[in-house]
Amino acid sequence: MSRTEIGPRVVGGKLMYNHAVRVDGTQSLLFVAGHEARDDRGTVVHKGDMAGQIRLTIERLGSTVTEAGMTMADVVQIRVFTTDLAECKAQYGVLMDELAAVHCRPASLLAEVSALSDPDMLIEIEALAATGI
């Protein structure tokens, strides 16, 4: 069995977190950290716009999955965390459309939390992908 870190973030010479960790054996599993609507500089974008944050979050998640050598069709589970459950549910069609566009049909969880790591974040999505099963 082997382990590959995808998109490690190092601060002060120490690992802060990985965007994902791929574990390969007879099957391959990809554990994807929470993704959010951040631009390339790390700034939260689409402030106050749930649909915009959903779209960008799925795009960023897809980039990490692709970097790990998988596709969004390999994603078998997502966990969606939001600070505004009512608005997220009102925009849930956006999430379903984004997932359908990349042939992703995961088991999922939707949960409201009191806060995310930045007050401008409305949503964060983490995932599990698998191949060879």
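**Exercise 1. Work out how strand 4 (residues 75–82) and strand 6 (residues 123–131) pair, and over how many bridges.**

Step 1: Start with direction: the two strands pair in the antiparallel sense. Strands here are DSSP runs of E with at least two residues, helices are runs of H or I with at least four, and both are numbered from the N terminus. Two strands count as paired if DSSP finds at least two bridges between them.

Step 2: Now the bridges: strand 4 and strand 6 share seven.

A word on the model: it is predicted, so local features need pLDDT of at least 70 and side-chain atom pairs count only at pLDDT 80 or more, while totals for chains, interfaces and linings use all residues. Residues are numbered from 1 along each chain as its sequence is written, and side-chain values use heavy atoms, leaving out hydrogens and water.

**Exercise 2. Find how strand 4 runs relative to strand 5 (residues 107–112).**

Step 1: Strand 4 and strand 5 run parallel, joined by six bridges.

Step 2: To check a partner, go to Phe81, whose bridge partner in strand 5 is Ala111.

**Exercise 3. Locate His46 and His103, and decide for each whether the residue is buried, partly exposed or exposed.**

Step 1: His46 lies in the loop between strand 3 (28–35) and helix 1 (50–67). Although not a glycine, His46 has a positive phi of about 60 degrees.

Step 2: With a relative accessible area of 37%, His46 is partly exposed. The cut-offs are under 20% for buried, over 50% for exposed and in between for partly exposed (1.4 Å probe, protein chains only).

Step 3: His103 sits in the loop between helix 3 (92–101) and strand 5. His103, not a glycine, has a positive phi of about 60 degrees, and a relative accessible area of 63% makes His103 exposed.
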